[in-house]
Each structure stands twice: as structure tokens, then as C-alpha cells.
Amino acid sequence: MDPVSNERFDRTVTTTCGYCGVGCRLEANVRGGRIVSVAPALDGPANEGHTCLKGRFAHQFTRSRDRLTSPLVRENGELRPASWEEALHRIVSELQRIKSEHGPDAIAGLASSRATNEDCYAMARLIRAAIGTNNIDNCSRVCHSPTSFAMRKSFGLSGATGSFSDIDHADVAILIGVNPTQGHPVVGARIKQAALRGCKLVTIDPRRIELADYGVLHLANRPGTNAAVALGLAHVVRRDGLTDESFIAERTNGYDAVQELLDAYTPQAVQEITGIPAADLERAAHIYGEAGSASILWGLGVTEHKYGSEVVQLLCNLALMTGKVGKRGSALLPLRGQNNVQGSSDMGALPDTYTAYRRVDDEDTARSFEEAWGVPLSRKVGYKIPEMFDAAIAGDLKAMYIFGEDIAHTDPDTAHVVKALESLEFVVCQEIFENETTKYADVVLPASAFLEKSGTFINAERRFQLVEAAIDPPGGARTDFDIITTVSRMLGHEMGWETPWDALDEVSRLTPHYRGVSRERIGRSGAQWPMHPDGSDSPTLYDTFFDNPTGKGHFAVLPFKAPGDAPDREFPLVLVTGRVLQHYNAGTMTRRTHNVDLVDRDWLEIHPTDAQRLWISDGDKVSIRSRVGQTELHARITERIEPGHVFTSFHFPEARTNLLIGQSADVNTSCPEYKVVAVDVRPMTERPAFTPVLETVS
Ligand code: SF4
């Protein structure tokens, strides 16, 4: 019995939240095979006894009436219930047929950043070893792949340089393109606490985020101009002697070329590009440069741009110039979106790398996996997600096995994604609910949610944490690990694992950075990779050297370039997309909880000046048209958004926000440019009522 609430439980299971990359540890209280309540684990290293309303209350989806509980197969154009035997044989026979007719590269798989490391590792092994191709990717492609690319270039490793606890020790925190109180609420609360204790916050975002109210300075830059902001800050830091010359000399290379580049980015020049008053930029540079310790946090407002990866490199430049990396309180903290977006990539569910970002065309790495798996492996880099869509439309890709990702809802240019799905001969979806993508599936497999499976996640601090099943999957649904290993076995590749912990042991054995990681070692405190030979982990990276052949941090020489889209007479406003506190990503889970009573739709935020000019009143239904698509939303008038910009979230499929997003993408990683879309907004007359209906299994 819970001593506080007098609630009776059969048992309490400690696990890790499956919503965002903070990685809060939770105590799930179970009675009669159902979750009855969830509480924060007091010893959770990332949450220290806190959760947000998603982790604590949004668990009713697990027993929603519309959970998938039986496989579905398509017959005469309709999905119908089928036995596991029929569904699995259909998958295996179709994949074998396509492989023999068109070769293994005609098949691709998507792993899920909501699933465990062990699920993702198994999925990558299924595609690489059982199918024979490197066509495997995950949804980090559409969020933080630019962060991963840039941090490897600048510092060596793909992950935060420090830990959330660095926020507690920072004199200054720069928040750029991130809205933690909505997207990463427990970290958002931690930042508020730090600000109340005296940490100076500088927020940089086209929208006045909530944390701006706790900060000393808010810089509202035009969407797509982050690079100019970073270059302008670096210009002032250098001009005013705020650099750490000994750090630059001893720990970095490439600074001379950067100095030449910075000359052009005077505060006045940056004001022209960004709209930020020159004096505010100078003040921000001094706040950062003069601080004893300062951390930089960013999110998708930095990465989901045409030059998102370059902006991350420029933020790394700023830390290198000032020596603010590898020290307590001076961390670079990319706030990763989904709960395991760090882990799904760390596990090698990517078209070019095995675990820990070792390339598929590196002979030693490929041979080590060939020895472990007992099959020859391709050295050819596979398709990234956008390349999969193009290849499907071109007729080169024939089948996709999509695990835990609703690409027809979340990926940009929905019409293009749908065309790709319609072009494929065979589509498998492994899901917990039917969704926009399952409409195009030939087989749908009922899978498990995070409260129903065991394994590990890796949070945004590089921390392995345990996930323990609190309840069973409903009806005939099975765990993802069980499904993937079974499909692999039926395709002729026996993985040889009985439990996810066996897969974790294999990852540990084959990956130097994760060596020593095990269920026992992770325990309740977690383990932040890279692991050291003595079994200790790494809360802080780069305190003495950077993780590349020279051991030095690398300055990138990258000028500002204009974003892929820009407003004009026909499309005069710039749309920025993001999240709200109450929902997560595609809303698949939170829309099936009481959170929908709090927020029941996506809204279009618009500044009063623009609303007045366009004859839009608060609550009006409006039409939004971009160069590639059109959709409709209800307007919310707010001064949080700057004039000329509009904002919406993308949690409800009926909003169809991604119809508006085009093909523009990050130049290095193909991450879509979700954050700069020129649109035209017009009022509509209708104002329909909306009454959410919440159904749960009784
Ligand atoms: Fe923590 Fe994120 Fe889960 Fe909220 S959604 S409880 S912040 S991990």
C-alpha cells in the first residue's frame, strides 16, 4: 500500500518514462494487470523525484479500446484480423520474394526512437544480417541527426558533453531554439530553479518562450537565422577579448580561419540578418563570455533547418573559443526529442553506422559484426529515410518494414510520403495503434508500449537506464523484441538471444564505448557512456582531450546562409512548428489519455497585429497554405509570437501540419527544414465545436 495515498497495489515496478529524452525514472503501480498510478522515482538521476504530467498521468493509453491486439493483413483492399502464424508467414514470404527478385537493397527498415535499445539493435540486425542491406534508419533523421553529425565533427562523440546537473552549476545558460518547459518539462523546471538561484538565462527564439520570463535577455531572431546569431556572438566575444586563449592554443585547431570569417559578423550586420538589436547581441555575448561557467542548450529549433548541422558546429565554436566545455557547469546539452532518440542511433539503427557510430564501410568494424553474427555484411551505405521515399517512387525500393513510426503523419511533405507508400509492393507496420501509415500497410503487427517491455533507453545525457515491464501487452499483442527476433528466425537468421538483456550483453561486447554496460551495472543510477575500463562512466566529456585522432576540438569555418524558404508576396508569413506540454510528438499515446481534456487540438498562434490585418479573431478557423500544401487550424492570438511569424504544434493527425512542409532539408543529414515555411493564412467562417471522447477498456 502506498503510505501517502492509501492506494492498494499488487506491485510497483521502477522503469523509465517513454515520452521524452529527459529520461525520468518512474514507479509504476500495478493492480490487476493494469497501471493504476505512476509516481516519480526519488532516486532518478535525471529527474530527482520530479515528473511532468505526461510521465505521471498519461498512461491510460495502454488499455485504450483501440489498441491493436491482433495482427491485421490486407485482403481485397481491406485490413482484416489474422493469426500471428498467417501474418508472419505473409511477411517472410513477401520479403523473401522481393529479395530474390530485386536483391536485398530493395528492402528497407525503420527502427523506432520510442522503443528500447535492444529493440532497435535487433531491428538493425534483422535488416543487416537477415535481409542483407544497410537500408535501416530511425526518426533521429528528422530531429537531431544534425546534432549528431556536428558534435562528432567538432568534438568527436555524438552526445551531450555533460549532464543535466551542469544546469545547477552554470552561472549562465544560453537556450537557443528550444522550449524546455513544453518539450522537456522536468529539465524546464530545473532551468527555472537555476534561474531563481541566480543563473542568468539568455533565450534565443523567434517565439517568446516561457523561460524568457525567467531570463535576463530574450533575443527574438527571424526564423532561419541562428547561424548569424552564433557568428555574431562569436564576433563580439573575440572583439572584446572574452576568448580563452590558452584553451584555444592547447585544446583546439582551426581557429585562425574562424577569426577571418568572424570579421564580417558585426552586431550591426547581424541585426540586419536576424532582426536582433545590435546592443542586445553585444550584451548576450558579454553575459556568456564573462561567465565563469556557461552551458548551451538547444533543440529542434536549431536542428530542423537547411543548415541546422552547421549551426550546431557554430555553437561548438563558441564553446571552444571561450573554453566553456568539459567543465562543471559548462556543458553543451542538446535536448533530444523522443525518449530514446539518442539510443536508437547509438545502437546503429542508421544507414551508415553500426553501434557507437562506427561506419559500415570500415573493414575492422564490419568484420567484427560478421564474426559475431555469422553472415557476410554489406559495406554499402544504405538509404536515409528521405532517400527511401525517393527510391520507392523511382521503383528501386519495393518493401518497407516500419516499426513504431507514423511517417505519414510526422514526416514532411505528406503527399510525397503517401506517394512513396503507395509505390511500395509490400509494407509492414509494427505498431500499438492503427495510424496514418497503417492505412498503407499490407500487414500490421500489434506491438508493445514502454510500460509493457524490458530493456534500456539512453537519455539526452548519454545515460543508459533500465526499462522494466510493469504490465503485459494487451490481448494478442507481443513485445517488439519477440516479434523482431521471430521474424529474423523465420528468415533464416537466428539471433540467439532469449531476452533483451542478452542483446544488451552483445552490444556491450561488440562496442568499446559501451563495454561493461549490463542490466546489473546500469542498476538504478544508470550509466553514461563512454564506459571506462574500471567500470566508471562519463558524466562529463572532454575534460582533458577531445575524442578524435588529434585529441583537439575542431573549429568549423561556416558562414551564414539563407534558409531554404523565405516569405514573399504570395506567402508573407513564416510558419514555425513545435510541441506543447500536454502532448508528445504524433500524440499517438497522449491523445488517448486525459491530457486531451487539457488540449484537444493543434492551434495556430498568430500575433495580434497580423490577426487584425487579416481579420482573424481568437478561435477562428483559418486556412494555411504553403508552396506544397494546405490545411486548416483554429487561431490563437498571442504576443508570444513575433509579427510576421505563426506557430503550430503537430500532435493531432487531423491538423495535417506536415502537408505544409516541403522537401528542403539539412545539407549534411537530410533532416527536414520544419522550422522555416513561408505560408499564407486566411480566415474561414466556420467555428466547429469539438468534444473529445476518451474510451478505455473497462
Ligand atoms: Fe520526464 Fe519527459 Fe517523461 Fe515528462 S515526458 S516525465 S519530462 S521523461
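Me: Over the face of which residue does Arg-636 lie, and at what distance from the ring centre?
Reply: This is a predicted model, in which local features need pLDDT of at least 70, side-chain atom pairs count only at pLDDT 80 or more, and totals for chains, interfaces and linings use all residues. Residues are numbered from 1 along each chain as its sequence is written, and side-chain values use heavy atoms, with hydrogens and water left out. A charge sits over a ring if NZ of Lys or CZ of Arg is within 6 Å of the ring centre and within 35 degrees of the ring normal. The residue under Arg-636 is Trp-603, and the distance from the ring centre is 4.2 Å.

Me: Over which ring does the charged end of Lys-324 sit?
Reply: The charged end of Lys-324 is 5.5 Å from the centre of the ring below it. That ring belongs to Tyr-288.

Me: How are the rings of Tyr-354 and Phe-369 arranged?
Reply: The structure holds 13 aromatic pairs; rings of Phe, Tyr and Trp (its six-membered ring) pair if their centres lie within 6.5 Å, and planes under 30 degrees apart count as stacked, over 60 as edge-to-face and the rest as tilted. The centres of Tyr-354 and Phe-369 are 4.4 Å apart and the planes are at 10°, so the pair is stacked.

Me: Which parts of the chain does the pair of Tyr-354 and Phe-369 link?
Reply: The two residues are 15 residues apart and link distant parts of the chain. Helices (H or I, at least four residues) and strands (E, at least two) are DSSP runs, numbered from the N terminus. Tyr-354 is in the loop between helix 15 (341–346) and helix 16 (363–373), and Phe-369 is in helix 16.

Me: Are Tyr-354, Phe-369 and Trp-373 buried or exposed?
Reply: Buried means under 20% relative accessible area, exposed over 50%, and partly exposed in between (1.4 Å probe, protein chains only). Relative accessible area is 2% for Tyr-354, 1% for Phe-369 and 6% for Trp-373. Tyr-354 is therefore buried, Phe-369 is buried, and Trp-373 is buried.

Me: In what order do the 5 strands of the open sheet stand?
Reply: Two strands pair if DSSP finds at least two bridges between them. In this sheet the pairing is parallel, and the order is 10-9-8-12-13.

Me: Which are the edge strands of the sheet?
Reply: An edge strand here pairs on one side only. The two are strand 10 (217–219) and strand 13 (332–334).

Me: Which residues of strand 9 and strand 12 stand opposite Val-172?
Reply: Strand 8 (residues 172–176) pairs in the parallel sense over 5 bridges with strand 9 (residues 200–204), and likewise over 5 bridges with strand 12 (residues 294–298). Opposite Val-172 stands Lys-200 in strand 9, and in strand 12 Ala-294.
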